[in-house]
Every structure is written in C-alpha cells, then in structure tokens.
Amino acid sequence: SSKVGGCGCGHKLSWASALYGVDGLGIDVVLDSVDWANQHSVGKFCFSDGRVLGWVPEDSFDAVISFAALLHLIVDEQCQVVVELIGKLRRGGKAWFGWNAPGYMRHTNGGNSDQVSRHWMWPRQEAWKRCFDRASAEPWGARLRSGDVQIRWWTVPESLLFPSDEVLVSSYLFEEPAYSLFVSRA
C-alpha cells in the first residue's frame, strides 16, 4: 500500500486510508492531538515538531497531507518545511498543503501588512516562487539545487476545491485569500 505523511488529529489520514487504502504517519506538536489520533484515527501518530524532520527518511512517502498547519509558522519556516517535506516524497509523489492564508486571520493584526507578509506566503504565486528559488541557495534546499529533487507546483483558492453550495463558499473557511499549494515530485 501507499505511504502518506500528514499531521493533526488524523482526520485526513483516516479519509486517505478509507478512500485509497494508504498507510499513514501523522506528526503533530500537540500531544493531546497525537493521543486522540492514536485512539480514534487510522494510522500511526508521533509527537514531534514538524519543523524538525531530519529523523524522517528521504524518499519515503507517496504523498504528504498538511492542512491548516503551515499558517502557524512564519514565512521562512513555511518555505523550509515544505521543501524538506518534498524531499520526503518518493519520485512521482504528491503533496497537498491546504488552508494557507485563511481570510479570517487578516483581521487579527489590524490589517498590518508587515504581519501579513511575515505570516503568509502571499501573494501566493510570487511567494512560493521566491521560496523555491531561495531554497536552491540554502543548505536545506540542496536536493533541489542538485536536481535530485525536481518539482512541479501550483496553487488553487480553497473556494474552488470544496463546496459547491454558495452559502458554504462564503464561510470563513473558504474566504479569500485562503488557498492550497500542490506539489508533484518528478
């Protein structure tokens, strides 16, 4: 079966197991979430800081799922974590980094643009291009630089991914600028 990495309480890994028959490994920094997931979700869940991934073998997953996790990190950490997780994908692997830059958060800092640029990869296309360009010059981006890891990536607004019901689309969950980043490893 396929191996999938993810985090949180295990909902997405349970769905992936039920729908696609995959084995999952979840990583979360909140011990209560890990305990809950180990009791109620399908997969194995570890208590660990998702920013420290050296213990996870390279080229070991067919897919990575990260939903509503990156938004807790500053931009530089988001970039580094994504690049490191891409290196954990096997050739042909796919990654989904969902619910980035949720609309409700733009009000939490009074619209302060310094805070927005510090916490969000925004504007999304330009921010991720800068990330992947910069990664090639960083020690943690060595596999991108060498060409050992080659990727294709794109972003999609959350409102286009989920509900077709217009009432739900106006929910804060899908409000612009929320988006997902998708990465495919060649």
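The model is predicted.

**Whole chain**

The chain has 186 residues, and 46% of them count as buried. For contacts in the chain between residues at least 6 apart in sequence, 69% join residues at least 24 apart.

**Helices α3 and α5**

Next, select residues 75-88, which form helix α3, and residues 124-135, which form helix α5. Two packed helices are described by the angle between their axes and the distance between the axes. Here the axes come within 10 Å and cross at roughly 65°. Angles of 65 to 115 degrees count as roughly perpendicular, so α3 is roughly perpendicular to α5. The crossing of the two helices is right-handed.

Now show the side chains where these helices meet. Which residues of α3 meet α5? They are Asp76, Gln78, Cys79, Val82, Val83 and Ile86.

Move to the loop between α4 (113-119) and α5, where Pro123 lies. Select Trp122 together with Pro123 and look at the peptide bond that runs from Trp122 to Pro123. Is this bond cis or trans? The bond is cis, with omega near -10°.

Select Ala68, in the loop between β4 (61-67) and α3. Ala68 is not a glycine, yet has a positive phi of about 60°. Is Ala68 buried or partly exposed? Buried means under 20% relative accessible area; Ala68 has 22% relative accessibility and therefore counts as partly exposed.

**Strand β5: Trp99**

For the last stop, select strand β5, residues 89-100, and find Trp99 within the strand. Trp99 also is not a glycine and has a positive phi of about 60°. Its relative accessibility is 10%, so Trp99 counts as buried. To end, display Ala68 and Trp99 together: Ala68 is in a loop and partly exposed, whereas Trp99 is in a strand and buried.

Conventions. Residues are numbered from 1 along each chain as its sequence is written. This is a predicted model: local features need pLDDT of at least 70, side-chain atom pairs count only at pLDDT 80 or more; totals for chains, interfaces and linings use all residues. Side-chain values use heavy atoms; hydrogens and water are left out. Axes are lines fitted to C-alpha atoms, for helices over the stretch in contact, and angles run from 0 to 180 degrees between N-to-C directions. Helices (H or I, at least four residues) and strands (E, at least two) are DSSP runs, numbered from the N terminus. Angles under 35 degrees count as roughly parallel, over 145 as roughly antiparallel, 65 to 115 as roughly perpendicular and the rest as oblique. A crossing is left-handed if the near helix is turned anticlockwise from the far one by less than a right angle, and right-handed if clockwise. Contact means heavy atoms within 4.5 Å. Buried means under 20% relative accessible area, exposed over 50%, partly exposed in between (1.4 Å probe, protein chains only).
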